[in-house]
Amino acid sequence: MAVKQVGIVGCGQMGSGIAEVCARAGYIVVVSEADEALLKRGLASIEGSLARAVSRGKMTEADKATTLKRISGTTSVEGFKDCQLVIEAVVENMAEKRKVFAALDQACQKDAILASNTSCLSVTEMAVATKRPDKVLGIHFFNPVPVMKPVELVRTILTSAETIATARDFSQSLGKSVVVSPDTPGFIVNRLLTPYLLDAVRLLESGTVSREDIDQAVTLGLNHPMGPLALADLIGLDTLYSISTALYEEFKDPRYAAPPLLRRMVLARWLGRKTGKGFYDYPKVKA
Ligand code: CAA
């Protein structure tokens with residue numbers, strides 16, 4: 001099936017990035033949010049990211065205007081009725097995601113593919129909320145979406161080969177490199193990344209090492225673009241907490257248990273870059 005129009009449910013950090021790369025690749029994009037205010041904020045963040053691309057000489061003003069024209073917003077699931085592919089990027093909460101999938105199943109054409117950008121939750125559990133589990137998969141992007149090359153396609157035991165083939169062609173058309181993972185908690189990247197990030201929080205919590213030394217040791221010692229605490233702030237501490245909780249629930253392995261400090265930071269809404277405060281301060285962001 002040829003994908004021409006793509007729907008994105010949720011226009012937060014990940015949804016707005018996915019909408020941007022789809023529109024830049026030439027797709028007609030519909031994004032949804034729960035209300036007009038959130039939608040306005042999401043669309044503004046896409047515009048801001050495109051403006052940044054223009055200021056860095058990666059895009060012309062004319063291309064920015066053309067890209068923005070391809071994106072429209074909606075607050076209703078009916079807005080996705082002409083999409084061949086819809087990608088869900090709402091909060092990492094299974095009850096919410098199942099509601100979204102059930103509503104998309106009702107509203108979308110019967111051959112449309114429904115995907116989740118979940119970073120850890122079971123795609124099978126979302127698929128069985130629909131009457132088309134063969135057309136449901138995970139398309140997991142990485143943050144920041146316009147920069148990061150990989151996409152994990154998550155294939156459940158119910159996903160058809162045709163669905164994977166369409167999603168692969170689509171992801172590659174965005175300039176992404178595809179890896180395929182089974183529907184296992186955390187898939188490939190987060191399964192490996194989460195214990196490492198949690199260990200960095202535990203090390204900080206021990207009070208023996210400063211945040212700067214932890215991050216600098218990894219940046220210089222392992223040649224990573226950023227240290228684990230800065231990366232946790234980029235990912236979002238609420239997202240990291242949800243991923244660790246989901247992995248812990250499945251495996252009951254203490255490596256995945258969220259350290260008390262992480263839980264308290266999430267309770268305090270110190271969520272990292274997006275709220276202006278995490279392990280570091282981001283004074284330019286309005287809390
Ligand atoms: N949107 C668009 N472009 C961005 C961007 C954003 N949010 N952030 C940075 N960039 C671009 C910049 O425009 C710049 O491009 P040019 O060099 O072509 O001009 C380039 O990225 C580098 O940016 P900066 O010079 O501003 O900053 P930097 O060199 O420190 O790089 C970074 C920033 C790209 C975020 C880099 O530090 C990095 O790659 N960090 C690691 C990110 C990572 O590991 N992401 C995966 C997280 S895990 C995940 O997402 C999975 C999950 O489910 C939780």
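Buried, in this talk, means under 20% relative accessible area, exposed means over 50%, and partly exposed is in between, with a 1.4 Å probe and protein chains only. By that rule, buried residues make up 48% of the 287 residues in the protein.

A word on the source. This is a predicted model, where local features need pLDDT of at least 70, side-chain atom pairs count only at pLDDT 80 or more, and totals for chains, interfaces and linings use all residues. Residues are numbered from 1 along each chain as its sequence is written, and side-chain values use heavy atoms, with hydrogens and water left out.

Now the overall form. The protein has 11 helices and eight strands; these are DSSP runs numbered from the N terminus, with helices being H or I of at least four residues and strands E of at least two. The radius of gyration, taken over C-alpha atoms, is compared with a globule rule of 2.2 Å times the number of residues to the power 0.38. For 287 residues a compact globule would come near 19 Å, and the protein's 19 Å agrees with that. Its C-alpha atoms fill a box of roughly 55 × 45 × 35 Å along the principal axes.

Next, the interior. A nonpolar core is a set of buried Ala, Val, Leu, Ile, Met, Phe, Trp, Tyr and Cys residues joined through side-chain atoms within 4.5 Å. The largest one has 36 residues, and Ile139, Phe141 and Phe170 touch the most other members. Helix α1, residues 13-24, gives the largest share of this core, six residues. A second, separate core has 25 residues, including Phe101, Cys108, Leu247 and Tyr256.

Which helices are among those covering the buried residues of α9? The cover includes α1, α7 (189-205), α8 (211-221) and α10 (237-251). Helix α9 itself spans residues 228-235, and eight of its eight residues are buried, so it is largely enclosed by the rest of the structure. Among them are Pro228, Asp233 and Ile235. Just after α9, Gly236 takes a positive phi of about 105 degrees.

Asp134 lies between α5 (123-127) and β6 (136-140). Is Asp134 buried, partly exposed or exposed? It counts as partly exposed, because its relative accessibility is 28%. Contact means heavy atoms within 4.5 Å. Apart from neighbours within four places in sequence, Asp134 is in contact with Leu158, Thr159, Ser160 and Thr163.
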